[in-house]
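Below is a set of questions and answers for a reader who is meeting this protein for the first time. Look through the sequence and the model, then read on.

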Amino acid sequence: MSNTETRPAEMRCGALEDEVPAAGVEVLTARDVPLGGPRAMTVRRTLPQRARTLIGAWCFADHYGPDDVAASGGMDVAPHPHIGLQTVSWLFSGEIEHRDSLGTHAFVRPGELNLMTGGFGIAHSEVSTPDTTVLHGVQLWVALPEEHRDTGRDFQHHAPAPVAFDGGTARVFLGSLAGDTSPVSTFTPLLGAELTLVPGSTATLDVDPGFEHGVLVDSGDVRVEGAVVRPAELGYVAPGRATLTLTNESAAPARLILLGGPPFPEEIIMWWNFIGRSHDEIVRAREDWMKGDRFGEVHGYDGAPLPAPELPNAPLKPRRRAR
């Protein structure tokens with residue numbers, strides 16, 4: 001899923017803004033964002049926000065469902081553009097049909113990663129399939145660093161096998177954790193994994209001390225070091241820890257998405273589905289999309305592409321990231 005808000009707020013990211021609590025753990029609450037038309041599907045957005053705009057190169061996190069598609073209409077996102085980023089699609093239930101201007105026709109299924117690289121420009125559509133009854137998952141974006149942000153279009157798929165650790169299991173879709181390493185290539189060091197914790201368990205995982213981490217809880221109450229993170233909340237852990245201790249304080253299994261990466265040193269501007277470095281760059285990308293060049297065509301989608309929203313009156317500027 002992408003940012004289909006008709007009046008997207010400027011999402012500005014870059015280097016130092018607010019202090020992190022002394023314990024190094026910060027709990028972020030999500031805001032509800034309706035996507036689509038009259039039967040809009042609502043997502044819970046935890047990144048970006050004023051208190052925390054980036055976790056490593058992770059710059060966007062939407063968490064949605066479980067969504068009854070009979071009531072909501074499911075997902076139907078017409079062709080739309082991206083620049084300067086990679087999209088990471090991960091489902092807990094349901095199925096989404098993906099088409100892009102690279103010519104990819106693929107499906108997003110539970111426990112399987114679809115990673116699309118926008119770079120200089122790509123377009124894609126996302127539609128939940130007719131057999132989907134409950135749609136539930138996360139949509140994540142990764143900012144591309146300066147030297148690679150105009151890279152070519154790409155699409156990668158990976159279905160990680162579950163790996164056991166003391167207290168639970170992990171599916172590692174990016175980076176390394178619990179003795180498993182994803183083969184999927186990225187442009188900055190990253191960690192992305194789905195973790196399931198058994199009821200009442202405590203797990204201590206080895207992590208890269210140079211990474212900052214985010215724990216996005218889907219189900220259960222999870223204690224992240226000293227802070228309890230509840231469903232739809234995201235716990236931020238500052239760099240400097242060689243281990244990460246997670247406790248499932250629930251009587252049922254807890255599920256979470258663990259994100260990580262070294263602090264991203266560059267200032268970026270996020271607006272609609274674009275990540276750039278300047279106001280003028282975003283303006284050019286919007287014009288290119290409306291003119292029909294640069295991004296290519298998405299074949300097989302029944303409908304017109306999404307028009308770009310109007311730009312705000314004020315110039316887009318980078319926001320300094322929290323530390």
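Q: Which residues does R255 touch, not counting residues up to four places away in sequence?
A: This is a predicted model, in which local features need pLDDT of at least 70, side-chain atom pairs count only at pLDDT 80 or more, and totals for chains, interfaces and linings use all residues. Residues are numbered from 1 along each chain as its sequence is written, and side-chain values use heavy atoms, with hydrogens and water left out. Contact means heavy atoms within 4.5 Å. By that rule R255 touches F92, H136, E194, L195, T196, V217, D218 and S219.

Q: Is R255 buried or exposed, or something in between?
A: R255 is found in strand β25; strands (E, at least two residues) and helices (H or I, at least four) are DSSP runs, numbered from the N terminus. Buried means under 20% relative accessible area, exposed over 50%, and partly exposed in between, with a 1.4 Å probe and protein chains only. The relative accessible area of R255 is 23%, so the residue is partly exposed.

Q: What distance separates the C-alpha atoms of R255 and L197?
A: Along the chain, R255 and L197 are 58 residues apart. Their C-alpha atoms are separated by 6.4 Å.

Q: How many helices and strands does the protein have, and what share of its residues is buried?
A: The secondary structure comes to 2 helices and 27 strands. Of the contacts with a separation of 6 or more, 74% are between residues 24 or more positions apart. Of the 323 residues, the share that counts as buried is 56%.

Q: Why does the pair of F60 and W141 count as stacked?
A: Rings of Phe, Tyr and Trp (its six-membered ring) pair if their centres lie within 6.5 Å; planes under 30 degrees apart count as stacked, over 60 as edge-to-face and the rest as tilted. The whole structure holds 7 aromatic pairs. In the pair of F60 and W141 the ring centres are 4.0 Å apart and the planes are at 15°, so the pair is stacked.

Q: Which parts of the chain does the pair of F274 and F295 link?
A: The ring centres of F274 and F295 are 6.2 Å apart and their planes are at 15°, so this pair is stacked. The two residues are 21 residues apart: F274 is in strand β27 (residues 274-276), and F295 is in the segment after α2.

Q: Which ring does the charged end of R294 sit over?
A: A charge sits over a ring if NZ of Lys or CZ of Arg is within 6 Å of the ring centre and within 35 degrees of the ring normal. R52 lies over the face of Y236, at 3.7 Å from the ring centre. The charged end of R294 is 4.2 Å from the centre of the ring of F120.

Q: Which residue of β13 is the bridge partner of N114?
A: Two strands pair if DSSP finds at least two bridges between them. β10 pairs with β7 in the antiparallel sense over 4 bridges, and with strand β13 (residues 154-158) in the antiparallel sense over 5 bridges. The bridge partner of N114 in β13 is H157.

Q: Which residues of β10 point the other way from L113, L115 and T117?
A: In a regular strand the side chains alternate between the two faces of the sheet. In β10, 5 of its 5 residues are buried. L113, L115 and T117 point one way, and the residues that point the other way are N114 and M116.

Q: Which backbone nitrogen does the side chain of E281 reach?
A: E281 is found in helix α2 (residues 279-291) and counts as buried at 11% relative accessibility. The side chain of E281 reaches, at 2.8 Å, the backbone nitrogen of R277.

Conventions
Polar contact = N/O pair within 3.5 Å; in protein donor to acceptor, adjacent residues only side chain to side chain.
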